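I opened a notebook for this structure. The entries below follow the order in which I looked things up.

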Amino acid sequence: MTTMKDVARVARVSIATVSSALSGASYVSPDLKDRVEAAVRELGYAPNSIASGLKRGTTRVIGLIVPDITNPFFTELIQSVQRGARLAGYSVLLCDSEWDIERELSLIRMMRAHLAAGTILCPTGADACYGTILDAIGPMALVTVDSGLPTGGFDAVQLDNGLAARLATGHIIAAGHRRIGMMGGPSHLLTARGRLDGFLAAMRDAAVGVDPQMIRDGGFREDGAFRACQDLLALASRPTAIFVANNQMLIGVMRAIAAAGLSCPRDISVAAIDDFPWAVAFTPSLTTVRQPVGSMAAAALDMLLARLSGRAAEPRRIVVDPELVVRNSCAPPPAEYLRAFRSGPPASHMS
């Protein structure tokens, strides 16, 4: 294997000059730099970044841990982080925790062991799972995106989840719906709790009663939402509209509606959090609340780079605003429902 010593021999310079020419750590004359670069091309030399990292105690690598690389939200986040990191001179080591907290903690330790300069993490566990998080992270810089960590000692970028839920639910209510279901996520996740709180707040502000059996946990997964929505649609008095708390569950909900022989929005209206490219390809096109994923990725990377350069002091938390994208999946409820509702709305409520 070609070494830096071989490059120095072919270029007729010292090893120190080769190191300086390749790293830019100190000035090297144009003539010597040209000789080093010519030798590198001739020999096909590739610097050993791991060995260099061992000397410095870090590398030009940023870790990125997401729970589901197939989810369009995380796919866009990955692309945005990689693009920004490349411009800043870093590579990205991507890992999928698969919604498994033990795997997530193991991946954090792996990033530290591989001397990642810092890591961007999308947490998946309950608060109690992070009791040893400081030991796992050690001195490595960490920024969380989407959900957060209970310690509060790390930089974080989050959506205003309550506002996102209120926008979607408010749009449904404005269409005339009063028997509204919600397809939510796991209660241990900050994002799921925020979206449930926003849904309840919108219903309360509009003086609309909430039937507890109308709120289901789809696990933020397509298949989980499909099964939960089947149960929801099998109720004697099913909802006329459903608020869905993320895009993967939205696909499951639309599958369940079709499997039940119902039509959206004629029989049932749908609005969800998380816009995604296929939302306009559905029939009908889907009303969603869009997250500014590119801005979230840029903010997370900026905070991480600021911490790596020593420019950051106290941990910061950035909350970004969502945007309602109105399409065709919401319509007024069926006329027969309105007649029945005027006779007497559902009596079951929750606060």
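How many bridges join strand β3 to strand β4? I counted 4 bridges between β3 (residues 118-121) and β4 (residues 141-145), and the two strands run parallel. Before going on I noted that this is a predicted model, in which local features need pLDDT of at least 70, side-chain atom pairs count only at pLDDT 80 or more, and totals for chains, interfaces and linings use all residues. Residues are numbered from 1 along each chain as its sequence is written, and side-chain values use heavy atoms, with hydrogens and water left out.

Entry: terms for strands. Strands (E, at least two residues) and helices (H or I, at least four) are DSSP runs numbered from the N terminus. I call two strands paired if DSSP finds at least two bridges between them.

Entry: I looked up the residue opposite Gly118 and found Ala141 in β4. The open sheet that holds these strands has 6 strands in the order β2-β1-β3-β4-β5-β11, with parallel pairing. Its edge strands, β2 (91-96) and β11 (317-320), each pair on one side only. On average, neighbouring strands of this sheet are turned by 15° against each other, direction ignored. Axes here are lines fitted to C-alpha atoms, for helices over the stretch in contact, and angles run from 0 to 180 degrees between N-to-C directions. Helix α6 (residues 101-113) packs on this sheet and touches β1 (61-66), β2 and β3; contact means heavy atoms within 4.5 Å. The direction of α6 makes about 160° with that of β2.

Entry: the mixed sheet. I found an open sheet of 6 strands with mixed pairing, in the order β7-β6-β8-β9-β10-β12. β9 (residues 269-273) and β10 (residues 287-290) pair in the parallel sense over 3 bridges. In β10, Ile273 has Val289 opposite, and Ala272 has Thr288 as its bridge partner. Which residue of β12 is the bridge partner of Thr288? That partner is Val325, and β10 and β12 pair in the antiparallel sense over 3 bridges. Helix α11 (residues 247-259) lies across β6 (180-184), β8 (241-244), β9 and β10, at about 165° to β9.

Entry: aromatic pairs. Searching the whole structure, I got 5 aromatic pairs. Rings of Phe, Tyr and Trp (its six-membered ring) pair if their centres lie within 6.5 Å; planes under 30 degrees apart count as stacked, over 60 as edge-to-face and the rest as tilted. The pair Phe199 and Phe243 is stacked, because the ring centres are 6.0 Å apart and the planes are at 10°. Phe199 lies in helix α9 and Phe243 in strand β8, 44 residues apart, and this pair links distant parts of the chain.

Entry: the cavity. A cavity is a set of points on a 1 Å grid over the protein atoms alone where a 1.4 Å probe fits but cannot get out, and lining residues have an atom within 4 Å of a point. I found 1 cavity of 30 Å³ or more. The largest cavity has a volume of about 120 Å³, a volume being the space filled by probe spheres set on the points, which are joined across faces, edges and corners. Of its 15 lining residues, Phe74, Asp146, Arg195, Phe220 and Asn246 are the closest to its centre.

Notes:
1 Å grid on protein atoms, 1.4 Å probe; cavity = no way out; pocket = protein on both sides within 12 Å on 5 of 7 lines; lining within 4 Å.
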